[in-house]
Amino acid sequence: LGKPAAADLKLGLATGPVLFACRQFPEMNAMIMRRFSKPGDVERARKYVLQSDGVQQTTYLAQRYCHEATREISKLRPSPEREALIQLTEMVLMRDK
């Protein structure tokens, strides 16, 4: 989420926001299969992602996994390592890049 706009699309990668947007814009399936290789694919896919709730759904999914990880890590005995792991899950959610 903190990467430059469309960086993954330009590499031919379908990330979470793209896959979630695909639910609302099924025409993206063909673009995903050809790895956004046709002229205009990257721009069109980016537009669909922005028009969808793909970024919000991806953020929600990341929050769920981080909360689940924190819950499991908290079962470990207290230690600096346990606290570092908990901080790492928080950093994943708060990072800008």
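## A look around the helices

Let's start with Gln51, which counts as partly exposed because its relative accessibility is 47% (buried means under 20% relative accessible area, exposed over 50%, and partly exposed in between, using a 1.4 Å probe and protein chains only). Gln51 lies in helix H4. Helices here are DSSP runs of H or I with at least four residues, numbered from the N terminus. Gln51 and Ala21 sit 30 residues apart in sequence, yet their C-alpha atoms are 8.2 Å apart in space.

A quick word on what you're looking at: this is a predicted model, where local features need pLDDT of at least 70, side-chain atom pairs count only at pLDDT 80 or more, and totals for chains, interfaces and linings use all residues. Residues are numbered from 1 along each chain as its sequence is written, and side-chain values use heavy atoms, with hydrogens and water left out.

Ala21 is one of the buried residues of H2, along with Pro17, Val18, Phe20 and Cys22. What covers them? The cover includes helix H1 (7–10), H3, H4 and H5.

Now for the largest nonpolar core, which has 14 residues. Such a core is a set of buried Ala, Val, Leu, Ile, Met, Phe, Trp, Tyr and Cys residues joined through side-chain atoms within 4.5 Å. Leu9, Val18, Met28, Met31, Phe36 and Ala45 have the most contacts inside this core. H2, helix H3 (28–33) and helix H4 (41–51) each supply at least two of the core's residues, and H4 gives the most, with four. In soluble globular proteins, nonpolar side chains tend to be buried together.

Take Met28 as an example. Leaving aside neighbours within four places in sequence, Met28 is in contact (heavy atoms within 4.5 Å) with Val18, Ala21, Cys22, Ala45, Tyr48 and Val49.

### Two residues in one loop

Arg35 is found in the loop between H3 and H4, and Phe36 lies in the loop between H3 and H4 too. Arg35 has a positive phi although it isn't glycine, and so does Phe36. Buried or exposed, where does Phe36 fall? Phe36 counts as buried because its relative accessibility is 5%, while Arg35 counts as partly exposed at 49%.

| Residue | Phi | Relative accessibility |
|---|---|---|
| Arg35 | near 60° | 49% |
| Phe36 | near 55° | 5% |

### How H5 packs

Helix H5 (residues 54–73) packs with H2 (residues 16–24) at an angle of about 120°, their axes 8 Å apart. Axes are lines fitted to C-alpha atoms, for helices over the stretch in contact, and angles run from 0 to 180 degrees between N-to-C directions. That makes H2 oblique to H5, because angles under 35 degrees count as roughly parallel, over 145 as roughly antiparallel, 65 to 115 as roughly perpendicular and the rest as oblique. On the H2 side, Gly16, Pro17, Phe20, Ala21 and Arg23 meet Gly54, Val55, Gln57, Thr58 and Leu61 of H5.

H5 also packs with helix H6 (residues 80–94), at an angle of about 175° and with axes 10 Å apart. H5 and H6 are therefore roughly antiparallel to each other. Ala62, Gln63, Cys66, Ala69, Thr70 and Ile73 of H5 make this contact with Arg82, Leu85, Ile86, Thr89, Val92 and Leu93 of H6.
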